[in-house]
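Thanks, everyone. Let me put the model on the screen, and then we will walk through it.

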Amino acid sequence: MFFAYNNGLTATASNIDMERMPDGTLGIRSFTDLQIVNGGQTTASILYAKDQTRADLSDVFVQMKLSVIEPEKVEEIVPKISRFANTQNRISEADFFSSHPFHVEMEKISRRLSAPPRPGALAPTKWFYERARGQYKDAGAYGTAGERRRFGAEYPRS
């Protein structure tokens with residue numbers, strides 16, 4: 001019942017390049033600045049099916065509403081699209097600001113810089129700026145057991 005119960009994805013991009021497909025229809029060749037603003041659960045479900053259950057997704061299609069937004073209007077329009085497209089689950093006000101340039105830059109800094117060393121620590125760690133709710137949990141949930149351990153050592157929960 002995936003199709004019947006699912007709204008698909010709502011996404012924005014600053015530009016798309018189109019191309020003619022072999023059957024004569026138009027297809028999207030590439031996106032610039034693609035951002036999914038609603039459909040996180042759908043995306044996570046597809047990733048889970050692919051990675052964890054090794055499901056064959058070659059015949060799966062998910063509808064997507066794509067809005068092409070001029071780059072200078074992204075900060076104004078994308079949060080509004082996100083707010084009005086997300087009616088299935090309660091979204092906090094903070095969630096609408098997660099794509100603000102300040103938070104994006106803070107996330108980049110946190111992934112690049114080491115945290116001050118803890119007394120007696122042998123290895124450096126980094127702090128994890130959680131720009132969007134659940135990002136830390138998601139980042140540490142995938143990969144091999146060794147990769148998950150390395151993630152936990154690099155970005156300790158504490």
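Let's start with the salt bridges, meaning a side-chain nitrogen of Lys or Arg within 4 Å of a carboxyl oxygen of Asp or Glu. By that rule there are five salt bridges. Before going on, the ground rules. This is a predicted model, where local features need pLDDT of at least 70, side-chain atom pairs count only at pLDDT 80 or more, and totals for chains, interfaces and linings use all residues. Residues are numbered from 1 along each chain as its sequence is written, and side-chain values use heavy atoms, with hydrogens and water left out.

Side chains of opposite charge can pair when their charged atoms come close.

Take glutamate 107. Which arginine does glutamate 107 meet at 2.8 Å, N to O? That is arginine 131, in a salt bridge. The two sit in distant parts of the chain, 24 residues apart: glutamate 107 in helix H4, arginine 131 in the loop between H4 and helix H5 (135-139). On terms: helices (H or I, at least four residues) and strands (E, at least two) are DSSP runs, numbered from the N terminus.

Now accessibility. Buried means under 20% relative accessible area, exposed means over 50%, and partly exposed is in between, with a 1.4 Å probe and protein chains only. Glutamate 107 is at 13%, so it counts as buried. Arginine 111, at 23%, is partly exposed. Arginine 131, at 24%, is partly exposed. Shared partners join Glu107, Arg111 and Arg131 into one salt-bridge network.

Glutamate 19 and arginine 29 form a salt bridge, with their closest N and O atoms 3.8 Å apart. Glutamate 19 belongs to strand E2 (residues 15-20) and arginine 29 to strand E3 (residues 26-32); they are ten residues apart and link distant parts of the chain. Glutamate 19 is partly exposed at 31%. Arginine 29 is exposed at 53%.

Met18, Leu26, Ile28, Phe31, Leu34 and Met64 form a nonpolar surface patch, with about 510 Å² of accessible area together. Patches take residues with over 30% relative accessible area and no salt bridge; like charges are joined within 9 Å, and nonpolar side chains (Val, Leu, Ile, Met, Phe, Trp, Tyr) within 5 Å. Areas come from the Shrake-Rupley method with a 1.4 Å probe, and for residues only the protein chains shown count as cover. E3 gives the largest share of the patch, three residues. Leucine 26 lies in E3. At 53% relative accessibility, leucine 26 is exposed.

Now turn to strand E1 (residues 9-13). Why is E1 largely enclosed by the rest of the structure? Because five of its five residues are buried. Leu9, Ala11 and Ala13 point one way, Thr10 and Thr12 the other, and all are buried.

E1 has neighbours to point out. Strands pair if DSSP finds at least two bridges between them. With strand E5 (residues 64-68), E1 pairs in the parallel sense over five bridges. With strand E4 (residues 35-38), E1 pairs in the antiparallel sense over three bridges. Look at alanine 11: it stands opposite leucine 66 in E5, and its bridge partner in E4 is isoleucine 36.

Two backbone points. Aspartate 33 has a positive phi of about 60 degrees, although it is not a glycine. It lies in the loop between E3 and E4, and it is exposed at 57%. Arginine 54 also has a positive phi, about 55 degrees, and is not a glycine. Arginine 54 lies in the loop between helix H2 (40-51) and E5. It is exposed at 63%.

Finally, the whole chain. It comes to six helices and five strands. From the N terminus, the order is α-β-β-β-β-α-β-α-α-α-α. Of the 158 residues, 22% count as buried. The accessible surface is about 11,700 Å², and 56% of it belongs to carbon and sulfur atoms. A contact means heavy atoms within 4.5 Å. Of the contacts with a separation of 6 or more, 53% come from residues 24 or more positions apart.
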